[in-house]
Structures are given as C-alpha cells and as structure tokens.
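This report covers a ligand site and a helix pair. Please view the structure before reading on.

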Amino acid sequence: MGLLVVENLSVGYEKMEIVSGVNFTVEKEEIFVIVGPNGSGKSTLLKGLFGLVRIFGGRVILGGRDITHLPPYKRSLLGLSYLPQLGNTFESLTVWENLVLAAHDLPRDEFTGRLENVLEILPDIKRFMNRKVHTLSGGERQMLALAMGLLRNPFLLMMDEPTAALSPKLASRVFQQVLELRKNHGLSILLVEQNALKALEIGDKALLLVSGQPKFYGPAQDLLKSEELARLYLGV
Ligand SMILES: Nc1ncnc2c1ncn2[C@@H]1O[C@H](COP(=O)(O)OP(=O)(O)O)[C@@H](O)[C@H]1O
Ligand SMILES: [Mg+2]
C-alpha cells in the first residue's frame, strides 16, 4: 500500500467543484509531480489533501489511515506538511520568530532539537535569522518556508510552486534540495510546479491536471515523452 493514496477525490469551494475524480498513489521516498496549465486546480487539489477546502467525494489515505475529513493540524501531526503557494510567513516578524510560531505547539525541548536538524539541512538560514521577513529576497523566503515545513518533521512534504518567484539559478537549487531531502532524509515529496520540464526531470511519477480533470497519471518520463500532451499543456 502506498504512503498516500488518493481515491476518486473531488474537491472545490462551497458550491463549486473544481477538481474531479483524481486517483493517484505516492510511495515512500518518491517525488510526485503535479503539473498543468494555470487555473487547472493544482493548488485546490493540494489544499484538499491538507483539509483546507471542501471535499465533494472520494478518499485520502495517509499511511493506511483515512484522513479525508481530518482537520489540517491533525494531518500535520501525522507527518504531512504543506507549503502554500504564497508562503505562510509573517512579514513583520523575524525569521527566528516565524520558526518559533511554526512550531508553537511542540514541546520546547523538542523544538531545540528539531531546529538544529533543520539548520543542518538549511545552514544559510543562520545568516538571516534576525531579519524581518519583509526584508528577505525570494530565495531566502522560500528557504524559510521550507524550514517551517521541515520543523514539523514530516515524512511527506507538499510544496506548491516553490520556484515561482525565483531566478533560474535559485530554482535549480530548490530542485536540488528536493532531491537531497529524499536522498538524505527519506522524505516523500509532492511537488506542484509550473516549471514542468524541470520538475518532470526530477520526478518519479506525475499527474497532469487540465480544467480540474486528470489527463495523465504515470511515470514522469512518459509524460515528458508524450509529445502531444507536453506540447498542448506544458509548453514543452
Ligand atoms: N477561494 C476560492 N474560491 C472559489 N474559487 C476559487 C478559489 N480559489 C481558486 N478558485 C478557482 O479554482 C480554479 C483553480 O484554481 P487553482 O487551484 O488555484 O489552480 P492552479 O493552482 O492550477 O493555478 C480557478 O478557476 C480559480 O478561480
Ligand atoms: Mg496554483
């Protein structure tokens, strides 16, 4: 059985179903990529997996447990971490204060140990620990968002367009980081990306979402090789 199993899932907002009938499985230590044109429902689907939007049907199973109707904080305690597209940082607070807030419900002694681990993975954060978030560059912000997610000690990390605001060079570093998190820490990663080509290159499996409908699900390489899908939907 997969780490995350999504069965016939439909999600949306209030009266409007946006994403319909999605099926996929993420295995342990897998990089799973979700791609598709703007407005196709990628962010809505991730929010659905984290319990932030309305479920119209289907099931979400994490580690064998049905989490379809659990609130976000319980999913977080079960090892699921979610980095939203527009960041979840507090602009007027420092990096340090944001990290404390991200872990506010952890026991204090546990926080210290976890922060040490996170700073081993992302040592650059020490350089701007005392700066306010609104003074950070796009790359530094992304690093902070990642650190806040990792503080929760997840085994499945969901990232919504982590490279969107970054230069190509910084974007490459994010992709490199994703590979290292898998290799060195055994994490599984669910990555939503507009930079489809790069993401599919590092991905194991992929889902292509178009107007809320799954158009492809399978090995990421197969999607890259499918000239028609890549040309029509991914601008490749
Ligand atoms: N809070 C919301 N309430 C209602 N509709 C929304 C909301 N957020 C997004 N949508 C709609 O859901 C659709 C999919 O959006 P989104 O999931 O952000 O797509 P993507 O991430 O693929 O660009 C869009 O038509 C968008 O207008
Ligand atoms: Mg989006």
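## Ligand shell

A residue counts as near a molecule if one of its heavy atoms lies within 4 Å of it. In this predicted model, the residues around ligand 1 are Tyr-13, Ile-18, Pro-37, Asn-38, Gly-39, Ser-40, Gly-41, Lys-42, Ser-43 and Thr-44.

By class, three residues of the shell around ligand 1 are nonpolar, six are polar and one is charged. Helix H1, residues 42-50, supplies the largest share of this shell, with three residues.

## Polar contacts and cover

A polar backbone atom of Gly-39 is 2.7 Å from an oxygen atom of ligand 1. For a polar backbone atom of Ser-40, the distance to an oxygen atom of ligand 1 is 3.2 Å.

On its own, ligand 1 has 570 Å² of accessible area, and the protein covers 59% of it.

## Helix packing

Two packed helices are described by the angle between their axes and the distance between the axes. Helix H3 (residues 95-102) packs with helix H5 (residues 138-150) at an angle of about 30°. Their axes are 9 Å apart.

How are H3 and H5 oriented to each other? Angles under 35 degrees count as roughly parallel. H3 and H5 are therefore roughly parallel to each other. The crossing of H3 past H5 is right-handed.

Terms used:
Residues are numbered from 1 along each chain as its sequence is written. Chains are lettered from A and ligands numbered from 1 in the order in which they are written. This is a predicted model: local features need pLDDT of at least 70, side-chain atom pairs count only at pLDDT 80 or more; totals for chains, interfaces and linings use all residues. Side-chain values use heavy atoms; hydrogens and water are left out. A polar contact is a pair of N or O atoms within 3.5 Å; within protein, one must be able to donate a hydrogen and the other to accept it, and residues adjacent in sequence count only if both atoms are side-chain atoms. Accessible areas come from the Shrake-Rupley method with a 1.4 Å probe; for residues, only the protein chains shown count as cover. Helices (H or I, at least four residues) and strands (E, at least two) are DSSP runs, numbered from the N terminus. Ala, Val, Leu, Ile, Met, Phe, Trp, Tyr, Cys and Pro count as nonpolar, Asp, Glu, Lys and Arg as charged, and the others, Gly among them, as polar. Axes are lines fitted to C-alpha atoms, for helices over the stretch in contact, and angles run from 0 to 180 degrees between N-to-C directions. Angles under 35 degrees count as roughly parallel, over 145 as roughly antiparallel, 65 to 115 as roughly perpendicular and the rest as oblique. A crossing is left-handed if the near helix is turned anticlockwise from the far one by less than a right angle, and right-handed if clockwise.
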